[in-house]
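Subject: Structure handover

Hello,

Here is the structure I promised to pass on. Please open it first, then read my notes below with it on screen.

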Amino acid sequence: MEVTILDVIKNVFQLGNVLIAAGGVLIGIIFGALPGFTASMGVAILLPVTFGMEPAAGLILLGSLFGGAMYGGSIAAILVNTPGTPSAAATVLDGHPMCKKGLAGEALREAVFASFIGGIFGVTVLLLFAPPLARISLLFGPPEYFLLALFGLTIIATISEKAIFKGLIAGVFGLLISTIGMDPLLGIPRFTGGIVNLLDGIQLVPAMIGLFSIPETMEMIRRHMHPEEERAEETCVDIRSIKIGFPKLKQVIKFIPIYIRSSIIGTGIGILPGAGGSIASFMAYNETKRASKHPEKFGTGISEGIAAAESANNAMASGAMIPMLTLGVPGDSVAAIMMGGLMVHGLQPGAELFARNGHIVYTFIIALYLANVFMLLYGTYFAPYFTLVTNTPRHFLAVSVLLLTVMGSYALRGNIFDVYVMVAFGIIGYLMKVHGFSVIPTVLGIILGPMAESGLNSMIAISTGENIVVFLVARPISLVLIILTLLSIAFPFYRRIRESHNPTKA
Amino acid sequence: MKRRKIFSIIIAAAMTIAFTMIVVSSAPAIDYPKKPVTMIVPFKAGGGTDIGSRIVANYAEKNLGQPLIVKNVDGGGSEVGVSQMVRSKPDGYTICGFNSASVTLTLLRKASYDALNDVEPICLLVSDPRLFAVRANDDRFKTAADFIKYAKENPEKLTIGTSGAGTSGHLSILVMNKAAGIKAKPVHFKGAGASKAAFLGGHIDAVAQTFGEVWEMVRTGQARVIAQATEERLKELPDVPTFKEAGINLVISSNRGLAAPKGTPKEIVDKIADAFKQASENPKYLEDMAKIGLPVKYLGPEEFGKLNKLEHDTYSAIADELKKK
């Protein structure tokens, strides 16, 4: 069917579709902001609603929700040190320290602006380059996923430069946690102790909520009980007058390389069916830190960190839809559910979707631009109100956060077991914090462990007895990933040597 | 309601204890269902089984006269949801999706329920035949015979993707290996999507997936079905031979049905089955299911039970061999 731009624009700007995009983003922000309520949960809940809608309208609802949730995750990350969705885990790194410096408002402004840029970038890539990029994504096989996971694990080195051994211990702990559950080779349960709920392993979301938010609420309670220890510089309220606005133009221009680099990483990881949003934002954060002239400031509360993580996860959302729409291979769990939504309407995702149902697909893609604009407006205008959270008396806030952590852990699968997991990891997280361990390497281990393990298993299977080194070197992408991993491991050492030779600059 | 209870107690007092139990247990069947029925989907929200279940629930609840509340209890390849159902009251107010995987998983590991003795089969809803597909441009394999011959000459070299370890796709490869005396290598991925990506990217030689999962690739010319693990050729694939025609006894489909806890009264099981049977005859339902690529096949309680038994027996020998490794 011939599709003209005018038709598409007319479709997009039907009042119904505009309202759906506006509503979808808002629902997404709420799902994203509440820890435990993830993008995939929001999309799964609203999926049956779309069965009765026009196909394009249904897709717009789910797509806007996806984007909104990617941004929404940053709100909880910044304000209460708990990523609202796994994709916002990297946002915590600088988001919450900024909040503690009294820059919560600025952090939120940067988060929504970066999300907007990442979103627009991703949608543009989806619109213009979907088919060729989807084909490139197919070049990634099991060895490449294994190596990508390995490369991801080197992020531990970058983010725990100051305490590398503690970082490694925390990372290995995460990897060990990820071995709980059915093994990927034969499906035999490991370390489950006969507990049925552990067959799929420790669920990332409750573990993450526990690791991040329980230590934080304990801290809140401790401070409430010992107000004399309060330090002015760690109040976590916006000390500047609360105002509505965008980040300063000068800063935006300065951040352009960060936005572009992170959006490319985000879209790229999104396209790969075996890697999710949390990996995208960590990698973007990592590369931004590495490229920065002042990497030592990362983690202390600077906007660059937020800009990297947030533009990456929103770009990832569109990236994940690329192989879903063009190949029928979803780029992540949310895209997988959206694919179900497409098929219910008799739209088979794949090579012919654009040709046969172009008007629907293009209406959907163009509407995503609109959804991103809504996201920017909501985020910008609501930011001052979000910061009110930090003015809440600490004893109320601590209890509210605890309530949310329980609700969120339960809501994930409707399973009380996940609440126990959350509490257990909360205790672990608190002990880690007390003893100076960062929880981020543990989270990375839990995320990347299964990807590395199943990648390695399948790699050995498909190498069919060939020498593994020869096998890998013969695959160009594998070779590149091996080199990147080696460089990534060497980089912190290189910098330390350089700094020790040049002490004035450090 | 109260009066009926008192009435039945009076009767009970007059009868023997054994007879009392019959009266009490059959009493609710008379006016079942009185309240909404929970339908557990033992898989993730948004997946194939979930969408299919939600669609059929829409139609079946009208026939049943009470809402069917779809609840996802995901985990362990359906074990978590099914074991929750098995442990619930056998009063017909909790039913659960029961797939091929729910049977096969109990063979591969010590599961928390017995697939044959702890459940009351209700009905089969979907039977998705398993097809072995190769890339359309892969000249090594023109026919099923080429495929088998290659596997025979190159043991452990023919790689076939599955949606995960212990899934029925995995077992179907093992059944094929045994039946044909070959050693094709199963490669496991997390879900059908990842397996499809590795297949299209040329990282593995073939996939063993259901009709619904490969049909689009076939229709758009990306993949070619090399052999069908069906009794007869599917009407969509009239030119592709079955494994049976190639001399290999391999008939496997991925079944999706419903089950209730053991001890659920027969009247109730029949009533639920009937509601789903009526839905399965509704042309609008068939149309909805065709759109998402799920082949509808209804079987009543007894036949579904027999099918589960058959799957159990077919796979148990294979599973025992696998466990020895």
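Thr264(B) counts as buried, because 23 C-beta neighbours lie inside 10 Å of its own, and the cut-off for buried is 20 or more. Keep in mind that this is a predicted model. Thr264(B) sits in a loop of chain B, between β9 (253-261) and α10 (266-280). Leave aside its neighbours within four places in sequence, and Thr264(B) is in contact with Pro90(B), Gly92(B), Glu120(B) and Val269(B). Now find Gly75(B). Gly75(B) and Thr264(B) are 189 residues apart along the chain, and their C-alpha atoms are separated by 24 Å.

Chain B

Chain B has 12 helices and 10 strands. Its C-alpha trace spans about 80 × 45 × 30 Å along the principal axes. Take the contacts in chain B with a separation of 6 or more: 75% of them join residues 24 or more positions apart.

One peptide bond deserves a look. Tyr32(B) and Pro33(B) are joined by a cis peptide bond, with omega about -5°. Pro33(B) is in the loop between α2 (17-30) and β1 (37-41) of chain B.

Two domains in chain B

Domain 1 of chain B covers 2-127 + 254-324, and domain 2 covers 129-228. Their C-alpha centres lie 32 Å apart. The contact between them takes 14 residues from domain 1 and 12 residues from domain 2. On the domain 1 side, α5 (100-108) and α12 (301-324) of chain B each supply at least two residues. Which of these elements gives the most? It is α5(B), with 5 residues. By class, the domain 1 side has 8 nonpolar residues, 6 polar and no charged.

Chain A

Chain A has 22 helices and 2 strands. Its C-alpha atoms fill a box of roughly 70 × 60 × 55 Å, taken along the principal axes. For 506 residues, a compact globule would have a radius of gyration near 23 Å; chain A has 22 Å, which agrees. Of its residues, 60% count as buried. Among contacts in chain A with a separation of 6 or more, 78% are between residues 24 or more positions apart.

How confident is the prediction for chain A? The mean pLDDT is 90, and 96% of the residues reach 70 or more. Confidence is lowest in helix α17 (residues 388-391) of chain A, at a mean of 78. Confidence is highest in helix α19 (residues 416-434) of chain A, at 96.

Are they buried or exposed? Asn81(A) counts as buried, because it has 22 C-beta neighbours inside 10 Å. Phe191(A) has 13 such neighbours, so it counts as partly exposed.

Where the chains meet

The contact takes 45 residues from chain A and 41 residues from chain B. On the chain A side, the elements that give two or more residues are α3 (39-50), α13 (303-327), α14 (333-344) and α20 (440-462). Of these, α14(A) gives the most, with 5 residues. The chain A side has 27 nonpolar, 15 polar and 3 charged residues.

The nonpolar core

The largest nonpolar core has 270 residues. Among those that touch the most other members are Val43(A), Ile78(A), Ile95(B) and Ile122(B). Helix α4 (residues 55-80) of chain A gives the largest share, 17 residues. Domain 1 and domain 2 of chain B both give residues to this core, so it lies between them.

Finish with Ile122(B). Beyond four places in sequence, its contacts include Ile95(B), Gly257(B), Leu258(B), Val269(B), Pro301(B) and Phe304(B).

Best wishes

Terms used:
Residues numbered from 1 in each chain as written. Chains lettered and ligands numbered in written order. Predicted model: local features only at pLDDT ≥ 70, side-chain atom pairs only at ≥ 80, totals over all residues. Core = buried A, V, L, I, M, F, W, Y, C linked by C-beta atoms within 7 Å. Buried ≥ 20, exposed ≤ 12 C-beta atoms within 10 Å, placed from the backbone. Helix = DSSP H or I, 4+ residues; strand = E, 2+ residues; numbered from the N terminus. Domains from an automatic or database assignment. Contact = placed C-beta atoms within 7 Å. Nonpolar A, V, L, I, M, F, W, Y, C, P; charged D, E, K, R; others polar. pLDDT = per-residue confidence, 0-100. Rg over C-alpha atoms; globule rule 2.2 N^0.38 Å.
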